[in-house]
Amino acid sequence: MDARQMKIKAAEAALAHVEDGMRLGIGTGSTAEEFVRLLAEKVEAGLSVLGVPTSERTARLCVELGIPLRSLDELPELDLTIDGADELDARLRLIKGGGGALLREKIVATASARMIVIADESKVVDTLGAFKLPIEVNLFGLTATRIAIEKAAARCGLSGEIALRSTGDGAYTTDGGHLILDASFGRIPDAEALSDALYRIPGVVEHGLFIGIASLAVIAGPDGARVMTP
Ligand SMILES: O=C[C@H](O)[C@H](O)[C@H](O)COP(=O)(O)O
């Protein structure tokens, strides 16, 4: 089974949790897109759901495939969000935001009664942090915010390069019009402490540590899919 087939396997298993009439948060990224394609087939066959997309990119794919969408303001309470992750540990703490959608993803997942993570085995780690931590920041005071992040990380015993995400042509801008700093802190033994410290920095809009949000993960490996709970 190749990487794409594993993503499809995880998405298929998550689709079994989707029921008629649900208000669904729909994630972003290559794994979430496999879920969108499978969901669209169900919708075409008669399943009735309303989706709230976590990015413009996901919204475009849903529209293209005929999945009915609403804004989060129209549907502020959701039944279920299904989304990918860049890393997850045994307690279902996640790093997200590799695709830049972390802010909307966290808002949508938090507005949902349940969040199911779909991923392949390569995303499961003992300790979060091999993947660079995305931190969404306001453009104003970028350097001051970066310094504040360095100091906050140091208080948590962490250090490493903090790089402005670039498109090649310039700085990467999120759907919300913010920038992303990718922090190479390495292993993060106390994700809660780092999360709290980052939230105290005014220029930090959001960060990619999702703690206490996911309720279930469907992890696909070469031999099929398994379920993880916190
Ligand atoms: O911002 C992007 C999201 O957090 C994605 O869910 C995450 O990057 C995983 O993406 P993929 O399924 O493509 O590995």
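Reader: How do β1 and β3 pair, parallel or antiparallel?

Author: Strand β1 (residues 23–26) and strand β3 (residues 78–83) pair in the parallel sense, over three bridges. Strands are DSSP runs of E, at least two residues, and helices are runs of H or I, at least four, numbered from the N terminus. Two strands pair if DSSP finds at least two bridges between them.

Reader: What should I know about the model?

Author: This is a predicted model: local features need pLDDT of at least 70, side-chain atom pairs count only at pLDDT 80 or more, and totals for chains, interfaces and linings use all residues. Residues are numbered from 1 along each chain as its sequence is written.

Reader: What stands opposite Gly-25?

Author: Thr-81 in β3 does.

Reader: And in what order do the six strands of the open sheet run?

Author: The order is β2-β1-β3-β6-β12-β13, with mixed pairing. β2 (50–53) and β13 (224–228) are at the edges with a single partner strand each, so one side of each has no neighbour in the sheet.

Reader: How is the chain divided?

Author: Into domain 1 (3–124 + 211–228) and domain 2 (133–205). Those bounds come from an automatic or database domain assignment.

Reader: How far apart are the domains' C-alpha centres?

Author: They lie 25 Å apart.
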